[in-house]
There are 2 protein chains.
Amino acid sequence: MEYEDPVEELSEAECRRLLGTVPVGRVVYTEHALPAVLPVAFEVAQDGRLVLALRADSTTARALDGTVAAFQADVLDPETRSGWSVLVHGHAEVVRDHLAQDGLYDAGLRPWVGGPRPVYVALTPELVGGRRLRAVGATAAARPAPADK
Amino acid sequence: MEYEDPVEELSEAECRRLLGTVPVGRVVYTEHALPAVLPVAFEVAQDGRLVLALRADSTTARALDGTVAAFQADVLDPETRSGWSVLVHGHAEVVRDHLAQDGLYDAGLRPWVGGPRPVYVALTPELVGGRRLRAVGATAAARPAPADK
């Protein structure tokens with residue numbers, strides 16, 4: 001049987017475009033020597049950096065500051081088992097410039113949950129990769145198990 | 001102004017229950033000395049282990065085998081900014097027992113994308129935590145910026 005691979009590797013340009021279509025992703029950082037994963041609101045700045053919006057009291061922002069972090073976003077449809085997933089690695093830094101902070105706030109970028117004035121963390125993408133999962137895979141998976149299994 | 005924290009820490013029991021309500025999560029492992037994040041189909045076994053379904057040719061399964069890995073799942077509603085997120089750390093091991101493999105296959109557990117016969121990885125939860133985000137936060141975030149900012 002000819003087998004069509006439902007996984008397509010995405011170009012960096014396509015990954016960056018897809019990141020701009022979702023309001024939330026997941027930042028991966030190290031906490032107590034273990035990987036932590038936190039959903040976080042973000043947007044793609046004009047210069048290509050990802051700006052994450054965190055609560056003012058966020059330990060995550062402190063843990064991220066000055067490190068190389070990973071950031072992941074996806075859109076997945078469990079019905080068709082299609083979608084995409086993008087993974088970015090890059091240097092993260094708390095945005096300390098007050099004008100930049102005000103600009104981001106005025107543009108409406110807010111943490112996923114409310115609370116006091118947010119902290120923004122800028123992540124400069126250095127490695128960008130992703131994959132698209134086409135629904136053809138779902139069709140194959142939905143077939144009965146082969147008799148010779 | 002009284003401030004109601006919209007973030008609620010979840011009990012381990014509630015985290016485990018929530019994990020059973022979604023078909024896909026994200027496994028975090030180390031690849032080329034960097035954290036990698038991959039969406040993966042999974043289910044919660046009766047003994048509480050998470051069983052991840054990966055493609056037979058998965059480098060992820062090989063990378064996970066015998067390590068301590070993180071696994072994250074969430075349901076997030078961008079409209080109301082409510083939802084939940086659960087993070088698990090535990091020992092991961094490829095399921096090598098053929099009877100166990102057949103049982104998982106017959107029960108319908110399949111990788112997110114189709115392809116050849118899957119590889120299953122069992123993750124034994126050692127640390128389990130999570131949080132629920134209540135929509136009250138969204139209301140606060142939607143208020144106009146305070147005049148004194």
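A polar contact here is a pair of N or O atoms within 3.5 Å; within protein, one must be able to donate a hydrogen and the other to accept it, and residues adjacent in sequence count only if both atoms are side-chain atoms. With that rule, eight residue pairs (both at pLDDT 80 or more) are in polar contact across the interface of chain A and chain B.

Before you start clicking: this is a predicted model, in which local features need pLDDT of at least 70 and side-chain atom pairs count only at pLDDT 80 or more, while totals for chains, interfaces and linings use all residues. Residues are numbered from 1 along each chain as its sequence is written, chains are lettered from A and ligands numbered from 1 in the order in which they are written, and side-chain values use heavy atoms, with hydrogens and water left out.

**Stop 1: the interface**

Colour the two chains separately. In contact (heavy atoms within 4.5 Å) are 47 residues of chain A and 46 residues of chain B. The two chains bury about 3,700 Å² between them, 66% of it on carbon and sulfur atoms; buried area is the accessible area (1.4 Å probe) that two parts lose on being put together, summed over both.

**Stop 2: a salt bridge**

Two salt bridges cross this interface, each a side-chain nitrogen of Lys or Arg within 4 Å of a carboxyl oxygen of Asp or Glu. For one of them, select A:Arg26 and B:Asp74, whose side chains meet at 2.6 Å, N to O.

Stay on B:Asp74, in strand S5 (residues 68-77) of chain B; strands (E, at least two residues) and helices (H or I, at least four) are DSSP runs, numbered from the N terminus. Its side chain also makes a polar contact of 2.9 Å with that of B:Gln72. Is B:Asp74 buried or exposed? B:Asp74 is buried because its relative accessible area is 10%, where buried means under 20%, exposed over 50% and partly exposed in between (1.4 Å probe, protein chains only). Not counting residues up to four places away in sequence, B:Asp74 touches A:Arg26, A:Pro39, B:Arg26, B:Trp84 and B:Ser85.

**Stop 3: A:Pro125**

Now select A:Pro125, in strand S7 of chain A. This proline is buried, at 14% relative accessible area. Beyond four places in sequence, the contacts of A:Pro125 include A:Arg16, A:Leu50 and A:His89.

**Stop 4: the cysteines**

Finish with A:Cys15, buried at 0% relative accessibility, and B:Cys15, also buried at 0%.
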